Amino acid sequence: MKKLIIFFLFLSPCIIYSQFLPVVTPESVGLSSTRLAFIDTLFNNQIAESIIPGGVVLVARHGKIAYRKAFGYKSLEPQKEVVSIETIYDLASVTKPVATATAIMMLVEQGKIGLFDYVKKYIPNFAPSIDSSGKERNADIYHLLTHTSGLPDYIQADKILAKYSNPTRFDIINEIATVKRNNIPGKEFTYSCLNFITLAEIVSRVSGKTIDKFTKEEIYEPLGMMNTFYLPPNNRIKDIAPTERNSDGSMIRGVVHDPLASLAKGISGNAGLFSNVDDLAIFMQMMMNGGIYNNTRILGKFTVEQMTKPYKHVSFAGRGLGWDCDSDYMGQRGDIFTDHCYGHTGFTGTSILAVPEKDLFFIILTNRIHPSPKTNLLAFRRLIANIIAASIIE
């Protein structure tokens, strides 16, 4: 009996690591391999034209991976390094739904916060907006999730550094709490990193865990996402695609690219998460399954529905509770997938799009800002979406 117990203890880490989606032929899930091959041509052309150094694309349908390929290089400077399927990328704003929004909605499901709670309930100095009659209007949590809080899009890191010699996350949240509002809550959509930095602070104050610890313990470890983390450990740096140059000329690698997230020592609600394509496929299949994967439930079915369709109280914004559904930022869905999609993009060159009606999602990971930020991937993402849409033959 002792030998049997030892055997299973030895085996259990392997079980955790082996829960990736199965890989099948495109035709077995109603996709055309001939049409999907156009992605190869498009991706290689983008590399040849120096639009991107390389990247990874994954297409999944019916819970199975139909297409997964790596192209080009993860690093061009100081030396060339070839991309692999396992390459880890700085997800940038894909952090918002995959970490912060998921954590917030888990707390909602646990009855610890409410979507209609005032933000100031958790951050007491979170200032109200003032309407035209001089009345104070307080933002709710759902306003933060849908980018309708009235907060501006960003605060430059240099302004915070000029005020605080060594800013902490509390200094950053204080600046957000007191910054001048652009609008009253619920009136206009303004995509803002400040919303999700605030949400991550709420997660910390309510749960007692910073966003990195909460997501690791409550989401990624239970799902077996062992390549997803804030603050990558030193032994994983070699697996990470670098972004742009530091001021000293070295490459940023394994350190978050976003300036505000960097000020927060890499732990933030707007950016800071690192992952690879297989781990993200696990997360997305959990979403496609209505909040459960491999018998591990992260979210309830109805919660996932609310997160992934325009939220009715601010439907004009085209945003779900953390996910983009129909806003002006959804160009990544292309010209054929037009309705009932959800997804998100990241500044570094990352993106996810899900099409629930077709039981399909796809992930694009690149480091388009390496070795320096100079390209816009909107057209590239649209073309890939069109190829994938046209590949559906069943």
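Is Asn295 buried or exposed? Asn295 is exposed, with a relative accessible area of 75%. Exposed means over 50% relative accessible area, partly exposed is in between, and buried is under 20% (1.4 Å probe, protein chains only).

This is a predicted model, in which local features need pLDDT of at least 70, side-chain atom pairs count only at pLDDT 80 or more, and totals for chains, interfaces and linings use all residues. Residues are numbered from 1 along each chain as its sequence is written, and side-chain values use heavy atoms, with hydrogens and water left out.

Asn295 sits in the loop between β8 and β9. Asn294 is placed in the loop between β8 (292-293) and β9 (296-297). Strands here are DSSP runs of E, at least two residues; helices are runs of H or I, at least four residues; both are numbered from the N terminus. Neither phi value belongs to a glycine: Asn294 has a positive phi, and so does Asn295. At 43% relative accessibility, Asn294 counts as partly exposed.

| Residue | Phi | Relative accessibility |
|---|---|---|
| Asn294 | near 55 degrees | 43% |
| Asn295 | near 65 degrees | 75% |

**Two cis peptide bonds**

Glu77 and Pro78 are joined by a cis peptide bond, with omega about 0 degrees. Pro78 belongs to the loop between β2 (64-75) and β3 (81-82).

Another cis peptide bond links His370 to Pro371; omega is again about 0 degrees. Where is Pro371 found? Pro371 lies in the loop between strand β12 (360-366) and helix α13 (378-390).
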